Amino acid sequence: MADENHKQVSVAEFFEKNRHLLGFNNPSKALLTSVKEAVDNSLDACEDANILPEIEVKIQELKKGKYRMIVEDNGPGLNRKVLEKAFGSLLFGSKFRSIGGKQGRGQQGIGISAVILYGQLTTGKPAKITSRTSNEKEAREYVMHIDVKTNEPDVLASDVKNWKKEHGTRVEVEMEGKYVSTKQSPYEFIKQTAVVNPHAKITYTDPEGKKHKFPRVVDKLPRKAKELKPHPSGVEYGLFKRMAKDTSARSTKSFLTNDFDKVGGGTANTILETAKVEGQIMPKLLSDDQLHEMHEAIKTTKIMNPSTDCLSPIGAEALAKSLESEYDLEFSKAISRNPTVYRGFPFQVEVAIGYGGELDQEGSAKLNRFSNKVPLLYEEGSCALTKGVKSITWKSYGLHNSSGSMPTGPAVIVIHIASTWVPFTSESKAAVSNYPAISKEIKLAIQEAGRSLQSYVRKKRKAGLEEEKRQKFKGYATEVAGAVAKLIAKDSYKIKKAELEKSTTKIEKSLLATAETMYSSGKELDETEEEDE
Ligand SMILES: Nc1ncnc2c1ncn2[C@@H]1O[C@H](COP(=O)(O)OP(=O)(O)OP(=O)(O)O)[C@@H](O)[C@H]1O
Ligand SMILES: [Mg+2]
């Protein structure tokens, strides 16, 4: 029982204390995280509603260390009831619909409410959210806080607003921040986002008022990721048991075929036979032992990989293009691995490697990380994608590294993980966890692209060596030609040209030609003879 020494806090209060977990641990990171959360949401909402995204981002400096962020989209908008909860309480979102999940940028129901929480904590000011759905006559602007004690929205005002947009959402939050223009800047985030989301039109106005336009390059929405049931391989026992208790299926066999991805009648029978469980039993009546047997049987049953249409990868071609648009390269190679699963969640790894050109010959190779088409700009060291790159012996792929470190050489590596649930190391969604199945795929993907890099580098080195030989030979050519010319000149060594041509190699022929020229001009020959004497 509760007493005066014990107290339960709300999730908002917890994150108010632990905002570093959400990516708000310093002012420059906080500004970037805010832009990222709002832009992610806009892209998700547009894609879900089959709308080609048009997003406007503005960052205004109010006074030193204080900024206003405005992100406006042409998405579906939200109705009043949903909006208040979605923006005014943490852990509320539209992305928890099924256990299997769906590939999206957001997944926790925390992102935008955390931005509002951070804003109110550092400035005391409420956020302003404007939204309009296509069946509403007017837009409405909500001025709101989050009530930290209860994790509930606290709406101070909600007024009808004249808004030219037919539908969309606009988020305005003031916050403490610091504007940087490094590799971890809002500009860099937006640029990289635009590159891997060529269907989006994004404009960005920076604190100096400069407008950066990232036009739409592709007039088609990416393939829509389907909502997916969990894939049985890797579903942990606790979840499996909970699913059996909660299912609406009447028989154990239909529980397997209805509630899981890629389990048809045949596969279900194999699982049931291996587990020695009757298919007719009501799932709710299964004993712990029976559930354990079934869970074990799943591990030994061959089950098809999750279907490819549950994920929306960037695609090898677009990935290579994105690299080439950013760097002037001699070589690039991109690959998309087939989807596979970790803990029942489908995922897919894509890798692109660019080489040479303007890239730094000596320094460390560059790494661009993406998860579900979102650039990851922080926590590089703790990310499985980085660890994957470091685990490779790059000597075998045309670059160099000492064990466990980044490769050096003129290379840029892009890694993308697409999943219905990306396992981030924390709620700030900046780094991917090191699940063995994921690490393995990352390694295989890098090695696959690496093999092409290796053969390119090898060819280049070979061509380089031949060029070196040719240059060396050129250096001696005049001398050798001189000597041959001398031979031609001497009566006893008269060589029949035709005969010689039949039996000589290309190099000898060109030597002979040089020698003949020298002989007929006489000049060089004299010099050589003088030198000889
Ligand atoms: N611009 C927007 N347009 C339409 N709906 C939105 C928009 N922004 C947020 N939402 C809705 O609000 C919900 C909460 O957003 P929030 O960013 O807090 O969580 P999330 O995106 O679900 O997950 P994550 O914490 O991983 O970002 C979303 O699930 C979505 O339904
Ligand atoms: Mg979000």
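Tutor: Let's take the cores and then a strand.

Tutor: This is a predicted model, where local features need pLDDT of at least 70, side-chain atom pairs count only at pLDDT 80 or more, and totals for chains, interfaces and linings use all residues. Residues are numbered from 1 along each chain as its sequence is written, with chains lettered from A and ligands numbered from 1 in the order in which they are written.

Student: Which residues touch the most other members of the largest nonpolar core?

Tutor: Val35, Val351, Ala352, Ile413 and Ala449, out of 102 residues. A nonpolar core means buried Ala, Val, Leu, Ile, Met, Phe, Trp, Tyr and Cys residues joined through C-beta atoms within 7 Å. Helix α2 (residues 27-48) gives the largest share, 9 residues.

Student: Why is this core said to lie between domain 1 and domain 3?

Tutor: Domain 1 (11-214) and domain 3 (308-459) both give residues to it, so it lies between them. The bounds come from an automatic or database domain assignment.

Student: What makes strand β3 (residues 127-132) "mostly covered"?

Tutor: Buried means 20 or more other C-beta atoms within 10 Å of a residue's own, exposed 12 or fewer, partly exposed in between, with C-beta atoms placed from the backbone. In β3, 5 of the 6 residues are buried.

Student: How do you know that β3 pairs with β4 (residues 139-147)?

Tutor: Pairing takes at least two bridges found by DSSP; β3 and β4 have 5, in the antiparallel sense. Thr130 has Glu141 as its bridge partner in β4. Strands here are DSSP runs (E, at least two residues; helices are H or I, at least four), numbered from the N terminus.
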